[in-house]
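Work through the exercises below with the sequence and the model side by side, and try each task before reading its solution.

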Amino acid sequence: DAKSRLQEWAQSVLGKTPHYATIGESGPDHAKEFTVEAIIGERRYGVGHGGSKQQAEQVAARAALNRTNADRCL
């Protein structure tokens, strides 16, 4: 999955472990939309939106991988 690939890349290339921060929630309780950042060190690498925090984290990790071209390195 994208989170695992991002973690592998970040640890091998940057020597850091990514973490995720929820920066927003919107919508009614039965249909929440979460916004999450993928952060490595002090830098935001990707943002994702999803119907759960886990889904938003996967989208953020995928955005980070796209930004860094890390998928090509693995």
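A polar contact is a pair of N or O atoms within 3.5 Å, where, within protein, one must be able to donate a hydrogen and the other to accept it, and residues adjacent in sequence count only if both atoms are side-chain atoms. The model is predicted, so local features need pLDDT of at least 70 and side-chain atom pairs count only at pLDDT 80 or more, while totals for chains, interfaces and linings use all residues. Residues are numbered from 1 along each chain as its sequence is written, and side-chain values use heavy atoms, with hydrogens and water left out.

**Exercise 1.** Find which backbone oxygen lies 3.3 Å from a polar side-chain atom of threonine 68.

*Solution.* Begin in helix 2, where threonine 68 lies (helices, H or I, at least four residues, and strands, E, at least two, are DSSP runs numbered from the N terminus). The oxygen belongs to leucine 65. Then look for contacts (heavy atoms within 4.5 Å): leaving aside residues up to four places away in sequence, threonine 68 touches Trp9 and Tyr45.

**Exercise 2.** Classify the one aromatic pair that the structure holds.

*Solution.* Rings of Phe, Tyr and Trp (its six-membered ring) pair if their centres lie within 6.5 Å, and planes under 30 degrees apart count as stacked, over 60 as edge-to-face and the rest as tilted. The ring centres of tryptophan 9 and tyrosine 45 are 6.4 Å apart and their planes stand at 65°, so the pair is edge-to-face.
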